[in-house]
Each structure stands twice: as C-alpha cells, then as structure tokens.
Amino acid sequence: MNSVFKALSDPTRRKVLELLRERPMTAGELSAQFPVSRPTMSAHFNVLKEADLVDAERRGTTVTYRLKLTVLEDALLGFAQVFGFKLPSSKEDQK
Amino acid sequence: MTFNRIAASATGATVLISLAALGKLGAHLGVIDADMASRLIQIAIGLTLVVFANGAPKQIGRPRASFEAEGRAQAARRIAGWSLTIAGLIYAGVWVIAPVALAAPFSIAVVATGLTVTVLCAWNACRSRSADLAG
C-alpha cells in the first residue's frame, strides 16, 4: 500500500493515470503530454508499475500501458486529485 | 496467479461458512439471538461482495484488438467494480441498522441494482464493439 501512496503522491504520475482512464496509451503518447525528459517519464512509469497501478505490454519497440486500479485505488486517486496530497520527497525521488 | 485466486476464494468461503456455523451455534446456545446470527452472516456476505468487487477492475486480462475496445472494456470494468462495491457496502450497512423485515428486501434490491448496472455496462461495451465491426 505504501508503494501506491508513493505513486499517487506525484502530480505527473496522477496525470498519467488520468490519461490512461480514457484508453490504453503507448509510452510515446504519454510522454508527449508532459514537458519532461524521456528518462524522467520512464522513472515515473517504473514507479507506477512497481505499485501495480498500470500494466505494461511490450510489442517490438513499443510499450503500451493499461490502467490497473482497484476501486479503492481509484478512490484514492480521486482524493489525491481533489486534495493534491504530496508525500515528502525521498532521496530516491530526488535522484 | 490462478492458484492465489482459488486460495483467496476458498479462504473467503471457509470464513463465511465458519461464521454461519458459529452464528447458528451461538443462537442454539443462547449466546446471541437468531436475528443477530442472521445479521452477522448477511454483513459478512456484503463485505465479501465489497472485497471481490474492489479487485474486479484490476483483472484486466489479455489486451483487446484495439485501444478503443480496451477503453470500453476498462470503463465497463470500472463501473462494474464501483457499482458492486457500493452495493456491497450498502448491503452490509442495511443489515447493521435496518429492521430485518426491511433489510432483507432492501439489500436484495440494492445488489440487484448493482448487478443490473454491471450487466448493462458489459452489454453496452459489447454492443459498441459490434457496431465498430459492422462499420
């Protein structure tokens, strides 16, 4: 559950989950929506995967992400969006 | 993964059956009244529905043919999960507070509504897919 809170604490990751709510998207499509570098986006995707909030499927060179939220996680995402909660950033996040 | 699901279901079933047996035994021994025993098992059934409905949207299965089909299936799973979770919470809540005569029909109506919403969403997702194939 800690990994879920960590994943939901970042606005970029929350926005990724919001985008995936519409339909699955490729890593390229998702990255194009944010003004951050690809490695940074890749790190965000890894956090979401570790928390088991998204499913990643590789086909050739394309990675497609699908949303994988329980009702509780969905509700937490909604709460996080409304109240914008943010955990204190860890050293790992600052790297 | 499949083994985990079977184990979780078997554990859930065992807990429910044990609770029902304990309730019956408690009522027989006069520790609790028959109404309370019946309420306990109904509350457990409601909470079981909550647990399974909560996890339903996470069971995404294999990828669909297109992103649009996947989006529709995802929306259907999400609405089904929410409607059944809320139905389960109301079901359990009704059995906590309402008189038995009212709780029985009301709780059934709530779960039936949740199931109807789920079936309609699944049907709508399938119908949209048929329309896509025809178009």
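Here's a walk through where chains A and B meet, and then through the space enclosed there. Keep in mind that this is a predicted model.

Let's start with the contact itself. Chain A puts in 24 residues and chain B puts in 18. Together they bury about 1,700 Å², with carbon and sulfur atoms giving 57% of that area. On the chain A side, three residues stand out: A:P24, A:R66 and A:V71 supply 37% of what chain A buries against chain B, more than any other three residues.

Four salt bridges are counted between the two chains.

Which parts of chain A do the touching? Helix 2 (11-22), strand 1 (25-26), strand 2 (54-59), strand 3 (62-67) and helix 5 (71-83) each give two or more residues. Helix 5 of chain A has the largest share, with five residues. Sorted by class, chain A's side has twelve charged, nine nonpolar and three polar residues.

One cavity of 30 Å³ or more turns up, and about 100 Å³ of space lies in the largest cavity. Its lining draws on both chains, including A:L67, A:V71 and A:D74 along with B:P57, B:R78 and B:W82. Helix 5 of chain A and helix 3 (67-97) of chain B each give two or more residues to that lining, and helix 3 of chain B has the largest share, at four residues. By class, the lining residues split into five nonpolar, two polar and three charged.

Methods. Residues numbered from 1 in each chain as written. Chains lettered and ligands numbered in written order. Predicted model: local features only at pLDDT ≥ 70, side-chain atom pairs only at ≥ 80, totals over all residues. Heavy atoms only, no water. Contact = heavy atoms within 4.5 Å. Buried area = accessible area lost by both parts, 1.4 Å probe. Salt bridge = Lys/Arg side-chain N within 4 Å of Asp/Glu carboxyl O. Nonpolar A, V, L, I, M, F, W, Y, C, P; charged D, E, K, R; others polar. 1 Å grid on protein atoms, 1.4 Å probe; cavity = no way out; pocket = protein on both sides within 12 Å on 5 of 7 lines; lining within 4 Å. Points joined across faces, edges and corners; volume = space filled by probe spheres on them.
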